[in-house]
Amino acid sequence: MTVTTRRDRRERERTRQQRRRSGGGSPAPRRRIGQGWIVLGVVIAFIALILVARSLGAFDAPAPPIDVNAQQFDTTGQTVGTKIEATSPTNPSGAAYHIPTGQTGTYNSVPPTSGEHWAAPAAPAPWGIKDVNLPNEVTTHNLEHGGVVIAYNGLSSSELDQLKKVVRDLMSAGFPKIILEPYPKLVDAKVALTAWTWLYKLPTVDQTQIVRFFRAHYDPVEAPERGTP
């Protein structure tokens, strides 16, 4: 028979208390294993995030600005777009194409390239990139000032980003008079470039053709108020 002394009992009790304070011995390795899986999961998620960002071009160098004077954009001796004769002025004796603000104008192309429009302060619109479609009666006044209005419809988000970059590059390269706007009535093209009496429709965002249109028709001699900011 085993004789247990008081000293043995005290030692056993002390051992049990130490085990309880330390978690009992066996759970510790499980916690260490669990922590290892957490660290591994974090590393895998970080790597996946890097791969996704790389696939989206987050680490790609930004595209250089457009050199509008490059030979590929030269339009000498070429016709860029379609010539559309101006509609007859509404009021030949005064502000030729002005109609009362709120009145609907009539046009001979979609989008318009000339014609009736509202006077200040309703028009023209401030130049730049717009997120909403502006009234034709506003943007036609922009054309009269010699600017270019770019209408778009049905573009993907990446195509729209590309188009906006082209516009920003052009505005920085000496072509500040630009309106870029969505245009739901554009159904036979994705992009339509308009200057006074000129129209050029494109099936996609074509940087070369866009720049060529600006080289040929920005602030054109046809615009009644060319040179106006």
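I began with β1 and strand β8 (residues 198-202): two bridges join them, and they run antiparallel. Two strands pair if DSSP finds at least two bridges between them. Helices (H or I, at least four residues) and strands (E, at least two) are DSSP runs, numbered from the N terminus. Lys83 stands opposite Trp198 in β8.

The model is predicted, so I noted its limits: local features need pLDDT of at least 70, side-chain atom pairs count only at pLDDT 80 or more, and totals for chains, interfaces and linings use all residues. Residues are numbered from 1 along each chain as its sequence is written, and side-chain values use heavy atoms, with hydrogens and water left out.

Next I traced the sheet. It is open, with six strands in the order β1-β8-β7-β5-β6-β4 and mixed pairing. At the edges I found β1 (82-83) and β4 (128-129), each pairing on one side only.

Then I looked up salt bridges (a side-chain nitrogen of Lys or Arg within 4 Å of a carboxyl oxygen of Asp or Glu). My search of the whole structure gave six. Which side chain does Lys83 meet in a salt bridge? Lys83 meets Glu222, at 3.4 Å, N to O. This pair links distant parts of the chain: Glu222 is in the segment after α5, Lys83 in strand β1, 139 residues apart. I checked exposure too (buried is under 20% relative accessible area, exposed over 50%, partly exposed in between; 1.4 Å probe, protein chains only). Glu222 is partly exposed at 31%, and Lys83 is partly exposed at 32%.

Lys165 and Asp169 form another salt bridge, at 2.6 Å, N to O. Both lie in helix α4, four residues apart, about one turn of the helix.

Last, I turned to the rings. I found five aromatic pairs. Rings of Phe, Tyr and Trp (its six-membered ring) pair if their centres lie within 6.5 Å; planes under 30 degrees apart are stacked, over 60 edge-to-face, the rest tilted. Phe175 and Phe214 are edge-to-face, 5.8 Å centre to centre, with 80 degrees between the planes. Phe175 lies in the loop between α4 (157-172) and β6 (178-182) and Phe214 in helix α5 (residues 207-217), so the pair ties together parts 39 residues apart in sequence. Phe214 is buried, with a relative accessible area of 1%. Phe214 and Tyr218 are stacked, 6.2 Å centre to centre, with 25 degrees between the planes. I logged Phe175, Phe214 and Tyr218 as one aromatic cluster.
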